[in-house]
Amino acid sequence: MKRPQREIDESARRITRRAIVLGGAQIVFAGALAARMRFLQVDEADKYRLLAEDNRIRYDLIPPQRGLIFDRFGVPVASNEQTYRVVLMPEDVGDLDDTFAMLQRLIPLTPSDLEKVRKEIPRAAPGAAVTVADRLSWDDIAEVAVNGPALPGVHPEVGLSRVYPQNGDFAHVVGYVGPVSDYYLSKIEDPDPLLLTPRFQVGRVGVEEKTEAVLRGQAGNKQVEVNALGRVMRELERKEGDKGADLQLTVDAKLQRYVQARLEPESASAVVMDVDTGDLLAIASAPSFDPNKFVRGISQRDYAELTEDDHRPLANKSVQGLYPPGSTFKMISALAALEAGVVTAGETFYCPGHKEVGGRRFHCWKRGGHGWVDLHTSLKRSCDVYYYELAERAGIERISAMARKLGFAEKFDIPMSAVAQGLAPTKDWKARRHGQNWVVGDSLNASIGQGYVLASPLQLAVMSARLATGQGVSPRLVKSIDGVEQPLVNSGPLGLGPTTMTQIRKAMYDVVNDRGGTAYGSRIVADGMRMAGKTGTSQVRSVVVRNEDVPWDQRDHALFVAFAPFDKPKYAVSVVVEHGGGGSRAAAPVARDIMLQALYGELPPLEAYPSGQREEIEQRQRALPLNLGGGRAGSDRA
Amino acid sequence: MSFLEYNVKTVPTGLSKVLYLNWVLIILLITIASIGFLALYSVAGGDIGRWAEPQMKRFALGFVGMLVVAMVPVYFWRNTAALAYVLSLGLLVLVELIGATGGGAQRWIDLGFMRLQPSEVAKITLVMLLAAYYDWLDLKKTSRLMWVIIPVVLILLPTFLVLRQPDLGTALLLVAGGGLVMFAAGVHWGYFAAVIASGVAVVTAAFQSRGTGWQLIADYQYDRIDTFLNPSQDPLGDGYHITQSKIALGSGGWTGKGLLQGTQSQLNFVPEKHTDFILTTFAEEFGFIGAFSLLVLYCLVLFFCITSALQNKDRFSSLLILGVAVTFFLYFAVNMSMVMGLAPVVGVPLPLVSYGGSAMLVLMLAFGLVQSAHVHRPRMRA
């Protein structure tokens with residue numbers, strides 16, 4: 001059946017018309033597509049090329065190796081250890097359960113570890129690795145590496161982490177490093193981009209914190225090409241950074257270990273200082289803690305244990321602790337009076353056991369009194385009334401000035417946290433601080449190191465050193481940075497009369513070596529090693545009761561300051577035993593042991609001790625938790 | 001009632017038909033497919049085996065299929081159009097029942113050697129049926145309401161099935177393709193105006209229904225449209241596709257970064273880089289010159305199809321060729337608009353270039369129909 005030609009023509013005409021319209025529309029649309037193509041690829045090409053480069057190239061920082069810290073003889077105190085960890089690239093892991101099952105056979109992993117990883121995975125940034133296990137042994141990491149092909153997306157990694165081989169011995173000196181907190185960042189104007197890199201550690205306390213700028217070093221960087229998932233495809237460029245500078249401390253690790261061990265388990269602190277250079281050979285605070293726990297992330301329980309301990313292991317008592325110096329202050333009062341000429345060494349005062357001033361009765365620690373005392377006896381037997389008399393004559397301003405001369409109220413520039421300034425009170429100070437007038441009673445209290453006077457064990461050690469040498473020696477903690485010796489700080493001769501100084505030193509000698517001295521029990525009998533010192537007992541409460549009758553935290557602080565050898569002073573030592581009771585009983589023996597250890601450089605021979613004490617000393621030496629030379633695990637007090 | 005029968009004897013027969021194929025069109029198709037192989041080779045990071053080789057095999061298969069279809073007299077295809085349409089509807093129902101899910105939608109049936117997407121098949125069978133319908137229909141009735149409703153129903157049947165999968169892109173392509181065949185057949189302008197108006201109404205309704213119980217399209221489809229309207233709003237989620245695609249294209253510049261040098265695609269910044277977004281790979285590595293050349297090739301295919309349709313006095317053949325051309329146009333126009341950020345991301349492949357079996361095979365068979373119509377066109381007696 002044919003269609004009429006007319007219809008065929010009509011159909012063709014219509015189709016042609018419509019087809020041309022359609023074709024035209026298609027061409028117009030294609031033109032629009034071409035225009036768009038041109039716009040994107042030609043007009044905006046530069047913009048998109050930049051964006052493509054941004055996509056592709058990432059700048060990664062190469063964290064520098066943190067500077068090491070050594071003791072004065074090169075014993076490592078803070079070093080970096082390689083840590084091995086296993087990370088997982090979630091996008092590359094085929095079956096998570098299989099991978100976990102396999103990993104559990106290879107390395108120690110608890111189900112709760114895995115649960116943590118499982119929770120972390122969805123939160124991780126695209127392309128970021130999730131740490132499965134940290135601080136693995138070399139054997140474990142080798143297992144993972146060998147099984148690499150069977151564990152897609154699982155990679156062993158090596159990193160550097162801080163480690164403190166001396167454990168608790170330097171916890172208060174060197175401090176520790178930790179992750180960068182938001183609070184830490186908020187304090188810095190223009191933070192080093194390094195701080196933002198994951199797992200970066202900064203010094204949080206102590207030398208680590210205070211010399212952060214020296215230890216940190218300079219970051220290097222590398223330019224890497226990454227894919228859309230952030231995976232590094234190849235390295236384009238690499239610029240190594242600069243390692244942080246190494247520090248050498250003045251501290252002698254062996255002595256430090258001894259001191260730390262000798263102080264524990266008391267809540268105490270001690271400082272050993274070289275009287276000539278000011279080098280701090282030991283600066284200890286007990287109890288201590290293991291700084292490695294902080295680096296690894298301390299558990300809630302361990303942390304609570306440290307903060308709840310009434311002996312305050314986290315406090316660095318040697319520089320942060322401020323105590324009324326008690327009778328150890330008497331040398332200062334005596335010097336102030338002698339130098340001012342308001343009294344002579346030979347002048348005697350009668351001590352009936354108390355002194356009345358302005359209707360108030362000021363007691364001597366010895367109820368019955370000391371009778372007639374001169375300067376020498378007053379120090380040796382620690383008579384309080386003598387100093388009340390001196391205070392009346394010399395006045396607080398002279399006493400305070402002398403205290404400052406000997407290192408009180410001076411903030412020494414050593415890189416430790418929260419170094420306390422202490423206080424040598426003046427009339428002005430009291431007016432400013434309390435809005436009250438200075439009364440003579442305040443002077444009396446101050447003269448025996450009570451009342452407003454406050455000093456840290458470090459300041460007490462500086463005082464002993466200055467008394468021993470007559471020089472304005474100041475403490476030094478950092479011996480050298482990157483091999484460059486750090487300057488000694490010495491303000492030169494104190495300008496105190498040599499006769500006066502000799503009189504004071506002789507009295508300090510007799511405190512320890514004369515039968516009537518308050519620290520006679522703690523004398524050193526070895527020739528050429530004789531020790532001079534002064535006991536102190538600072539009251540925590542005002543009512544006088546026997547220390548044994550009150551709770552621990554209300555007992556008196558025991559103090560002792562010393563220098564030795566008497567003939568040619570080398571070391572100054574200060575010891576403060578918190579709530580230890582009397583200075584002669586609780587602090588002086590400790591100071592003697594420490595001094596002997598410093599003088600001999602090792603455990604002293606028993607011959608250095610008075611014959612009657614040797615047996616007891618020997619027992620104590622043996623009981624001391626010392627393992628000199630090797631790493632002492634868990635030195636922190638439980 | 002056919003237009004063909006009066007001069008069927010002048011039509012070439014036997015193997016001599018090969019000489020009458022539209023060889024220019026064939027060469028264009030081979031060129032475009034080769035660009036696809038190159039792009040797939042590059043996008044696999046220089047690996048032929050991953051995508052390029054399977055694609056070549058499919059093209060070869062499609063090419064043979066095209067020749068076979070071309071050899072069969074075009075009236076056979078007209079007579080079987082209804083059957084083909086019903087079969088493809090059947091496949092769409094089948095995919096609804098047993099179809100495999102990919103990308104959140106039921107779209108394909110696993111045949112073992114390939115995954116068949118019935119929605120791709122439906123695009124062509126719809127065109128066939130509409131061409132046959134208008135060939136059969138009395139010219140005078142073309143614009144009568146009754147005879148307009150029938151093809152509309154024919155279009156909407158597969159459209160609804162595809163929407164259920166849900167595949168918004170293909171559904172829109174079906175409507176547009178069918179509608180354009182009706183337009184070519186000469187249906188009155190007024191109907192199209194009405195349909196466009198109601199289309200606007202439907203879109204409004206789709207957005208109005210969002211979040212209600214009678215929501216017309218799926219949430220992810222709303223999201224894609226939102227993202228299209230404002231890609232920077234969600235640069236790491238859905239907007240990521242469009243943004244990265246534009247970066248890839250734009251960074252190609254005039255001449256491109258060179259084969260295998262496109263960082264955006266080689267480093268996986270471009271999503272679906274071997275399928276829907278393959279243009280970005282090509283444009284990144286071969287620049288504006290490359291991408292524009294591809295666009296010109298596509299336009300040449302359209303041009304030769306339309307010329308062939310205009311030369312053809314057989315109503316079915318003309319409409320069939322125009323229908324295939326329009327479908328082809330819709331493929332590349334929508335795909336290119338999408339990757340260049342002119343249209344929302346709807347899953348439409350770049351014809352003959354994107355990796356994928358169904359679209360490639362169906363398109364090649366469709367060009368077989370074009371060739372058949374071309375070879376068997378009625379010729380005037382000398």
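In the predicted model described here, Ala270(A) is in contact, neighbours within four places in sequence being left aside, with Val259(A), Leu263(A), Ala282(A), Ala284(A), Pro457(A), Val573(A), Ser574(A), Val575(A), Val590(A) and Ile594(A) (a contact requires C-beta atoms, placed from the backbone, to lie within 7 Å). Ala270(A) is also among the residues with the most contacts inside the largest nonpolar core, which has 131 residues; such a core is a set of buried Ala, Val, Leu, Ile, Met, Phe, Trp, Tyr and Cys residues joined through C-beta atoms within 7 Å, a residue being buried if 20 or more other C-beta atoms lie within 10 Å of its own. Helix α22 of chain A (residues 583-600) contributes the largest share of this core, nine residues, helices being DSSP runs of H or I with at least four residues, numbered from the N terminus. A second, separate core comprises 124 residues, including Val43(B) and Met336(B).

Helix α12 of chain B spans residues 315-339 and reaches 36 Å from its first C-alpha to its last, close to the 36 Å expected at 1.5 Å a residue (1.5 Å times one less than the number of residues). Because 24 of its 25 residues are buried, α12(B) is largely enclosed by the rest of the structure.

Between the chains, 44 residues of chain B are in contact with 40 residues of chain A, and α11(B) gives the most to this side of chain B, with eleven residues.

Residues are numbered from 1 along each chain as its sequence is written, and chains are lettered from A in the order in which they are written. Local features need pLDDT of at least 70 and side-chain atom pairs count only at pLDDT 80 or more, whereas totals for chains, interfaces and linings use all residues.

Methods
Helix = DSSP H or I, 4+ residues; strand = E, 2+ residues; numbered from the N terminus. Buried ≥ 20, exposed ≤ 12 C-beta atoms within 10 Å, placed from the backbone. Contact = placed C-beta atoms within 7 Å.
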